[in-house]
Amino acid sequence: YLAALRLFGNFLNVITGDSLVVDRWIWLKKNLPKTRNGEKLLDIGCGSGAFTMEAALRGYVAIGLSWDQGNQEKAMERAEVLGISPKCSFPVFDARKLDEFPNSVETFDWVVNFENIEHIHNDRKLIGDIARILKPGGHLLLTTPYLNYFPMSMEDMGPFESIENGG
């Protein structure tokens, strides 16, 4: 995989992970401008880290948060192969505790939260935490299914868990 990653770049991370994320990757590339200013970006619920790595490739200092130790280790290894590890990191962190994230008051220029908020019971707290960590004038890129969404897989049709377990 790592040899193929060297050859095909970050898009390999997108298409070999959850195949349902390609639309979000395209949307991210359209809505996240390239920068040379070292702007800081936080990717909440980063999954495989592909979006975090895309942000680093676009010039951001990017942090991808997930509570999955294994995914975070793979993401860091992939970032090293792509030569962007100095520009991105993948701490293990629970998005529900974003208010405890160190040194994060008005810290980030951009926050990415793709298909994550629907997994958080206290979504109002998450939005408040995001508002707290964004710099004045900062940007939030957020996607989520909604009540009338089109299910793309059988799991998307329910039944849904009433506990926060990542489902």
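View 1. The side chains of Asp129 and Lys125 meet in a salt bridge, with 2.7 Å from N to O, where a salt bridge is a side-chain nitrogen of Lys or Arg within 4 Å of a carboxyl oxygen of Asp or Glu. This is a predicted model, in which local features need pLDDT of at least 70 and side-chain atom pairs count only at pLDDT 80 or more, while totals for chains, interfaces and linings use all residues. Residues are numbered from 1 along each chain as its sequence is written, and side-chain values use heavy atoms, with hydrogens and water left out. Both Asp129 and Lys125 belong to helix 6 (residues 123-133), where they are 4 residues apart, about one turn of the helix; helices (H or I, at least four residues) and strands (E, at least two) are DSSP runs, numbered from the N terminus. Asp129 is buried at a relative accessible area of 7%, whereas Lys125, at 29%, is partly exposed. Here buried means under 20% relative accessible area, exposed means over 50%, and partly exposed lies in between (1.4 Å probe, protein chains only). Elsewhere, salt bridges that share partners join Asp23, Arg24 and Glu115 into one network.

**View 2. Two further salt bridges.** The structure holds 7 salt bridges, and two of them are described in this view. Side chains of opposite charge can pair when their charged atoms come close. In another pair, the side chains of Glu54 and Arg58 meet at 3.8 Å, N to O, and both Glu54 and Arg58 are buried.

View 3. A nonpolar core is a set of buried Ala, Val, Leu, Ile, Met, Phe, Trp, Tyr and Cys residues joined through side-chain atoms within 4.5 Å. The largest such core has 23 residues, of which Leu28, Leu32, Leu41, Met53, Cys88, Phe90 and Leu141 touch the most other members. At least two residues of this core are supplied by each of helix 3 (22-31), helix 4 (50-57), helix 5 (69-81) and strand 4 (108-114), and the largest share, 5 residues, comes from helix 4. Once its neighbours within four places in sequence are left aside, Met53 is in contact with Asn10, Asn13, Ser48, Ala75, Arg78, Ala79, Leu82, Ile84, Cys88 and Phe90, contact meaning heavy atoms within 4.5 Å.

View 4. Cys46 is in no disulfide, and the cysteine sulfur nearest to its own, that of Cys88, is 9.7 Å away. Cys46 is buried, with a relative accessible area of 5%. Cys88 is likewise in no disulfide, and at 4% relative accessibility Cys88 also counts as buried.

**View 5. A nonpolar patch on the surface.** Ile127, Leu140 and Leu142 form a nonpolar patch on the surface, with about 200 Å² of accessible area together. Patches are made of residues with over 30% relative accessible area and no salt bridge, like charges being joined within 9 Å and nonpolar side chains (Val, Leu, Ile, Met, Phe, Trp, Tyr) within 5 Å; accessible areas come from the Shrake-Rupley method with a 1.4 Å probe, and for residues only the protein chains shown count as cover. Leu140 lies in strand 5 (residues 134-143) and is partly exposed at 34% relative accessibility. Ile127 is found in helix 6 and is partly exposed at 37%. With neighbours within four places in sequence left aside, Ile127 is in contact with Ile117 and Leu142. Ile127 and Leu98 are 29 residues apart in sequence and, from C-alpha to C-alpha, 10.0 Å apart in space.

View 6. Asn31 is found in helix 3 and, at 29% relative accessibility, counts as partly exposed. Leaving aside its neighbours within four places in sequence, Asn31 is in contact with Trp110 and Leu141. Although Asn31 and Leu141 are 110 residues apart along the chain, their C-alpha atoms are separated by 8.1 Å.

Key. A disulfide is a pair of cysteine sulfur atoms within 2.5 Å.
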